[in-house]
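Subject: Structure handover and notes

Dear colleague,

I am passing on the structure below, followed by notes on what was found in it. Please read the notes with the coordinates open beside them.

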Amino acid sequence: MSEDDAAAADKLGDRTERLTHAARDRSFANQRPRDSATLILIDRSESVPKVLLGRRHERHKFLPGKFVFPGGRVETADRRMPVAAQLHARDIERLLAGLRRPSAAKAAAIALAAIRETYEETGIMLGVRGAAPVAAPAGAWEAFAQQRVLPDLSAIHFIARAITPPGRPRRFDSRFFAADISSAAHRADGFFGPDSELVEVVWMPINEARRLDIPTITAVALEELQERIATGMSHDHPVPFYRMLHNRFVRQSL
């Protein structure tokens with residue numbers, strides 16, 4: 001093994017060790033992980049890319065006061081939202097890897113959940129604005145229809161997957177996506193503040209974001225994103241899958 005390969009292996013081992021340590025309290029009743037999706041918005045208008053994070057309200061039971069990326073659970077309506085363009089074929093393949101009932105519709109719904117949650121939490125609407133009416137399902141997607149915006153899944157990248165280990169108070173099968181802020185078609189005010197899920201949002205240089213109070217998996221996702229940016233955001237770059245096996249986190253490539 002070359003010195004570079006050894007250094008890379010040490011770096012990946014450090015990530016799994018940190019995740020294992022962060023999940024040391026697994027005394028809660030076991031439950032099945034729920035499908036969820038997260039979107040990392042990137043601003044590459046300057047020499048150092050910036051990412052958008054929001055601070056969760058202190059009253060939340062899950063990650064109170066932590067800075068996180070916008071995201072949440074996949075909902076039934078996400079399967080019914082039309083799109084302007086589909087996910088990259090490699091992303092669809094990786095999103096469906098290992099699923100019991102794989103389908104392109106499920107892959108799209110997971111990615112759409114990330115876009116919807118980003119709008120609900122930040123007011124940023126990713127997609128393509130058109131002249132034709134948009135037939136959207138009820139709920140948050142109706143705002144897209146009002147703006148005549150169709151989500152553009154070709155603009156987002158699947159960058160990581162992580163499953164919360166058994167015994168944690170809440171479990172998610174989380175897919176992390178990334179998209180450039182230039183793919184935003186509309187921005188609205190009033191989505192974050194003292195009475196909202198996110199009390200504030202900040203754009204942070206990607207190499208400084210770890211100074212914030214962020215969960216371990218958020219820090220790991222940032223590191224994975226930095227490596228992907230260095231490759232030019234290639235869809236051929238491996239997508240890591242973090243999960244716990246035999247009481248330790250492992251990292252596999254999808």
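Glu223 counts as buried, because its relative accessibility is 9% and buried means under 20% relative accessible area, with exposed over 50% and partly exposed in between (1.4 Å probe, protein chains only). The model is a predicted one, in which local features need pLDDT of at least 70 and side-chain atom pairs count only at pLDDT 80 or more, while totals for chains, interfaces and linings use all residues. Residues are numbered from 1 along each chain as its sequence is written, and side-chain values use heavy atoms, with hydrogens and water left out.

Glu223 belongs to helix H5, residues 216–230, where helices (H or I, at least four residues) and strands (E, at least two) are DSSP runs numbered from the N terminus. Leaving aside neighbours within four places in sequence, Glu223 is in contact with Arg15, Arg18 and Arg210, contact being heavy atoms within 4.5 Å. The buried residues of H5 also include Thr218, Leu222, Glu224, Arg228 and Ile229. The 15 residues of H5 should span 21 Å at 1.5 Å a residue, and the end C-alpha atoms are 22 Å apart, which agrees; the expected span is 1.5 Å times one less than the number of residues. After H5 comes Gly232, with a positive phi near 85°.

His235 sits in the loop between H5 and strand E12 (240–245) and counts as buried at 16% relative accessibility. Although His235 and Arg90 are 145 residues apart in sequence, their C-alpha atoms are 6.6 Å apart in space. Beyond neighbours within four places in sequence, the contacts of His235 are His88, Arg90, Asp91, Arg94, Ile156, His157 and Arg228.

H3 is mostly covered, with 15 of its 19 residues buried, and just after H3, Gly123 takes a positive phi of about 80°.

Finally, the second largest pocket holds about 590 Å³ of space, a volume being the space filled by probe spheres set on grid points joined across faces, edges and corners. On a 1 Å grid over the protein atoms alone, a pocket is an open set of points where a 1.4 Å probe fits, with protein on both sides within 12 Å along at least five of seven lines, and lining residues have an atom within 4 Å of a point. Of the 15 lining residues, the closest to the centre of this pocket are Arg32, Asp35, Leu99, Arg100 and Lys106. The lining divides into 4 nonpolar, 2 polar and 9 charged residues, where Asp, Glu, Lys and Arg count as charged, Ala, Val, Leu, Ile, Met, Phe, Trp, Tyr, Cys and Pro as nonpolar, and the others, Gly among them, as polar.

With best regards
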